[in-house]
Amino acid sequence: MYNKMASPNRIITIMTLKFNLILLYTGTVRTCIISISQPPLLEVDYTCKTITIQCDFSANNCPNVLPQVLWFRQNAHHQPEQLCPHQCLEDGGKFTTTESLTQNQVSLTLNTVTLNDSAIYFCGIAFSQSPEPRSKQAGPGTVLVVRGNKLLSQEVENLLIALLSLLSFYVAALSVTFIVISKLKLKIPKKTGADEAPQKKKSARHIFQEIAQELYRKRYVETKQGERENNIYENRRGESNFERP
């Protein structure tokens, strides 16, 4: 609904000029100058019951009387609307105004806030007795946005910011660790085929030696066993010849 009012500088400028023309219905004293300040943006959700818009002003060289306070609002699809033409000082209505004119502060409170209250709210200050053009001024305007979804509380926002900060730190540390490990791997020389060949040859030679030793051992055992059998045979043969008459 309020995408058109996301950057309302042009609308605020036009409406300020309009309201200043409305306020300039009286004519010219030279030195009365009014300056007005308002918060640029207020954002609430549908659960908000009331919202107050502050308006601070300064009056230099103006008549020593209390000024008149006016409030206007500009909706997206409506003409400018004057609020509280009869001051709205009593509680219970849609709007309530508070005025501390001696302290140069006024405010407008919206009661029972709805989505339709999204608009730009202008504060106007006028010294009707002074014909000086700048003795009647409208403020820069406050953009009020009433959202249909619930906004996060400040505590939740702070918690999310803290978690995001920790996550960013973790990702940064992980990236640095990965870079360091990658550099270390690049510094370690890789073994070439020429380096691996002697190891393979050495392993094959070692296996061949083991096989040769095993064959030699078997052959040695078989040879010794054959010699022993031959000796037994010869001994028996000699004994038989000796025992013959």
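Colleague: How many disulfides does a search of the whole structure find?

Modeller: This is a predicted model, in which local features need pLDDT of at least 70, side-chain atom pairs count only at pLDDT 80 or more, and totals for chains, interfaces and linings use all residues. Residues are numbered from 1 along each chain as its sequence is written, and side-chain values use heavy atoms, with hydrogens and water left out. A disulfide here is a pair of cysteine sulfur atoms within 2.5 Å. On that criterion, the search of the whole structure gives two.

Colleague: Which residue does a disulfide join to C32, and where does that residue lie?

Modeller: The S to S distance in the link of C32 and C62 is 1.9 Å, and with 95° about the S-S bond the link is right-handed. C32 sits in the loop between α1 (9-23) and β1 (33-37), 30 residues from its partner. Helices (H or I, at least four residues) and strands (E, at least two) are DSSP runs, numbered from the N terminus. The partner is C62, in the loop between β3 (50-60) and β4 (68-74).

Colleague: Is C62 buried or exposed?

Modeller: Buried means under 20% relative accessible area, exposed over 50%, and partly exposed in between (1.4 Å probe, protein chains only). C62 has a relative accessible area of 18%, so the residue counts as buried.

Colleague: Which parts does the link of C55 and C123 tie together?

Modeller: The sulfurs of C55 and C123 are 2.2 Å apart, and the link is left-handed, with -75° about the S-S bond. The pair ties together parts that are 68 residues apart in sequence, because C55 lies in strand β3 and C123 in strand β8 (residues 119-126).
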